[in-house]
Amino acid sequence: MPPVDSAVREILEAHGQTHVLRFQDDLNEDERRALLGQIESVDFELVERLVETWVRRQPSPERFERIEPVPVIPPAELGRPDAREAWDAGEEALRQGRVGLVLVAGGQGTRLGFEGPKGAYPIGPVSNRTLFEYHADKIHNVQRRYGCRLPWYIMVSESNDEATQRFFRENDYFGLEPRDILFFRQGMMPCVDADGKLMLEAPGRLAMNPNGHGGCIPGMVDNGVVRDADERGVDTLSYFQVDNWAVKVADPFFLGYHLLRGGEMSSKVHRKNHPRESVGVHCLCDGEYRVIEYTELDIYPQLLELDDDGRLKHFAGNPAIHIISTGFVKRVYDHFDRFPWHCAHKKVPYVDDEGKTVSPEQPNAYKFETFVFDVLRYIGHEPVALEIHRQGEYTPIKQYEGSNSVVAARESMNRHWAEWLEAAGHRVPRTDGGVPAINIEISPRLALWKEEFVGKAAGRSWPMDRDLWIEG
């Protein structure tokens, strides 16, 4: 065995984890090297702390004396003076090249019935354009409009890194400059069993899971994203997730509110459809900005309360859209050892002592992850939370059918763009129920806003007796 084994064995012995080497004599050189690399990447002190906190003790939920609704800025409209000021400030930041984009794209398309990175899913009902292409088209529009370059920082996972980068190369980076696209990997955490022992998913491979979207914070620092941003003069990052085709990247309204109000990390929020909708809730817990997950609604029943008019008091759902200042990323990174972690009890395949793979019927493993919204508790300013309308801005895709699905997203596209066409004076055929009778797509390269489309549609016409794809 190479000398490194003795050093690795000492680390494992110190933490009671030498069992992960029990198949080492059966491994070839590449398998052994890969296993040693995984072991060396593990922060054993952190794992021990998490095991003690979540596995051996299973802590009680946090308790708060006071949970209040987060103050929310109403949906931005240019006729309102504060919104006009925010729009102008956001546009100026874009012209000055101060803005970059952070896309979380570590997921696979498995739940959509698709093999490959989720961002490569062909969401366009007419064009078959992928989620990645939709976001790229928006970048083209913003760069053309403001004469800027938007660096695009894409967080991938260990499982889809190679496939994602290959997809970008095969599609010529969707016409964007390759030097403006930087991929960085999400960190990984080992799974542990009920005794706090690391698990093997194969004789030469630890069972690992991504460290959650909160991993973008250390990921941006450790992989040179923040350094690249600094070198470009970028100090403001527009954060979004790949499965939301409708997100407004680098939204001037949002950027402006963030900058004018001295934001470190700002959020968009939407009104929940019903009290138990499966989204996190933005609120102030004993004065500290938090997002409480929907799985904890029964722990904090005040989040289900209605006001005198029968409306939900805590309506601010979390669409996972943020603006984050690079200086804040650095500050939080320096204290990441105190960052909140979350634990999930899951079914994880593993190898038994004979090296055979076992697929458990019951949860057998603990996975640890971080959530980016937990960073909000560290902001040093009043919350900046901008309310948005869902249609045309938030339609996440988690599965093929049902709520938050491919089917729902395409229905939303049709409704959204039908309104644009009708605002431009075109009659869209509809069913007896008022639903658009054709599929409609309007390229983000052509227009990001209804007003922009109306202006560009003047004097143009399109056939309305078939599915419609309007290119940029």
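## Helix H4

Helix H4 covers residues 81-95, and its 15 residues, at 1.5 Å a residue, should span 21 Å; the C-alpha atoms at its ends lie 21 Å apart, which agrees with that expectation. The model is a predicted one.

The buried residues in H4 are Ala83, Ala86, Trp87, Ala89, Gly90, Glu91, Ala93 and Leu94. These buried residues pack against strand E2 (99-104), helix H5 (131-146) and helix H9 (252-260). After H4 comes Gly97, which has a positive phi near 75°.

## The packing of H4 with H5

Two packed helices are described by the distance between their axes and by the angle between those axes. For H4 and H5, the axes come within 9 Å and cross at roughly 90°. The two helices, H4 and H5, are therefore roughly perpendicular to each other.

On the H4 side, the contact is made by Trp87, Glu91, Leu94 and Arg95, and on the H5 side by Val142, Arg145 and Tyr146. Four residues of this contact between H4 and H5 are nonpolar and three are charged, with no polar ones.

## The packing of H8 with H10

Helix H8 (residues 225-232) and helix H10 (residues 326-333) have axes that come within 10 Å and cross at roughly 150°. That crossing angle makes H8 roughly antiparallel to H10. The crossing in which H8 passes H10 is left-handed.

H8 contributes Val226, Ala229 and Asp230 to the contact, while H10 contributes Thr326, Val329 and Lys330. The residues of the contact of H8 with H10 comprise three nonpolar, one polar and two charged.

Terms used
Residues are numbered from 1 along each chain as its sequence is written. This is a predicted model: local features need pLDDT of at least 70, side-chain atom pairs count only at pLDDT 80 or more; totals for chains, interfaces and linings use all residues. Side-chain values use heavy atoms; hydrogens and water are left out. Axes are lines fitted to C-alpha atoms, for helices over the stretch in contact, and angles run from 0 to 180 degrees between N-to-C directions. Helices (H or I, at least four residues) and strands (E, at least two) are DSSP runs, numbered from the N terminus. Angles under 35 degrees count as roughly parallel, over 145 as roughly antiparallel, 65 to 115 as roughly perpendicular and the rest as oblique. A crossing is left-handed if the near helix is turned anticlockwise from the far one by less than a right angle, and right-handed if clockwise. Contact means heavy atoms within 4.5 Å. Ala, Val, Leu, Ile, Met, Phe, Trp, Tyr, Cys and Pro count as nonpolar, Asp, Glu, Lys and Arg as charged, and the others, Gly among them, as polar. The expected span of a helix is 1.5 Å times one less than its number of residues. Buried means under 20% relative accessible area, exposed over 50%, partly exposed in between (1.4 Å probe, protein chains only).
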